[in-house]
Amino acid sequence: MAFKPQIKIPATYMRGGTSKGVFFNLSDLPVAAQVPGAARDALLLRVIGSPDPYGKQTDGMGGATSSTSKTVILSKSTQTDHDVDYLFGQVAIDKPFIDWSGNCGNLTAAVGSFAISNGLVDKDRLPENGLATVRIWQANIKKTIIAQVPITDGQVQETGDFELDGVTFPAAEVEVAFVDPADGEGAMFPTGNIIDRLVVPGVGEFNVTLINAGIPTIFLNASDLGFTGCELQDDINNDDAILARFETIRAHGALKMGLISDLDEAKSRQHTPKVAIVAPAKGYVSSSGKVIEQSAIDVNVRALSMGKLHHAMMGTAAVAIATAAAIPGSLVNIAAGGKERTAVTFGHPSGTLKVGAQALCVDEQWQVERAIMSRSARVLMEGWVRIPQE
């Protein structure tokens, strides 16, 4: 029996923040995959190596974690005063499913670099040396993101001495600003409350802060679930009962936030919302063995992504943390000490991260002009990915 040869597609494998993903220029994709739909999803699933019942993604580019099972499609922007359109796909590992419902804040740090290197940013907007301002249209959530990409001798500067907890080696710093990060189609607090009471049958009742900034997020007090807020991945990810409880909470939170109309829909919306636990600052030893002193942080936060405790912190969840910390009365703000603030340093399993946001209450509605954080990014490999033809 004769089989067709593999096809090859130009692609770049990049790290952005604490995530990795396969980046494509839209125009390089096969014609059928240049538009949303089954052909695009099938192609990207095969590139990453999903669905994989073994959970390893051995026959693809994925790394078998939520942080490394990601795809990005970029193109010249269709929006006024923007340089590049950025579409993110979170690829399920063991299911034939790609979640297009949200952004990846970590990979955002790599978007500007790819866009510049692939001619998606007009040359007259790029300095020979200094910082290039790349205006990104985040197509999943229809928001503007501004990345400051360092340039040296006309080329993207990837190497440097900026250290990011959760990433082993230093690199060049990329500042990323999420402009008006709250949901443009609804209130920052979808229920109208800064704190709600969430009833989860069979699990319990919890105070929660339900916020839509950066990415829809459900914040709970760690102590209400029997945690300290100092947990590492193995403390949670090795216990199926704990993970099932978190997923049940996430589904009921999504329903209360109006993101789904019935609980079954949560199964097909795995990327959003996120669920996170918060606790007052307390020292701990990070996953790398680094001692995190209580005095070095304002609050401890642990967040789950795609059903597992994240090894560090999702970039979009960091935006939600910064925003909630800036709003008096939220669970994050209370855990961080309850005072007014424009920045917060939080502890996560891999270390610490400082993020900033300035909140303003206008006509009894909270607004945040922008949330800012620093990440890093670099190209890991570039060339072509190959996949079998259908």
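1. A charge sits over a ring if NZ of Lys or CZ of Arg is within 6 Å of the ring centre and within 35 degrees of the ring normal. The charged end of Lys 8 is placed this way over the ring of Trp 384, at 4.4 Å from its centre. Arg 302 lies over the face of Tyr 284, and here the distance to the ring centre is 4.6 Å.

2. The model is predicted: local features need pLDDT of at least 70, side-chain atom pairs count only at pLDDT 80 or more, and totals for chains, interfaces and linings use all residues. Residues are numbered from 1 along each chain as its sequence is written, and side-chain values use heavy atoms, with hydrogens and water left out.

3. Two aromatic pairs are present in the structure. Rings of Phe, Tyr and Trp (its six-membered ring) pair if their centres lie within 6.5 Å; planes under 30 degrees apart count as stacked, over 60 as edge-to-face and the rest as tilted.

4. Phe 23 and Phe 114 have ring centres 5.8 Å apart and planes at 35 degrees, so this pair is tilted. Phe 23 is in strand β2 (residues 19–25) and Phe 114 in helix α2 (residues 105–117), so the pair links distant parts of the chain, 91 residues apart. Helices (H or I, at least four residues) and strands (E, at least two) are DSSP runs, numbered from the N terminus.

5. Phe 23 has 0% relative accessibility and counts as buried; Phe 114, at 4%, is buried too. Buried means under 20% relative accessible area, exposed over 50%, partly exposed in between (1.4 Å probe, protein chains only).

6. Phe 227 and Phe 246 are stacked, with 5.8 Å from centre to centre and 10 degrees between the planes. Both Phe 227 and Phe 246 are buried.
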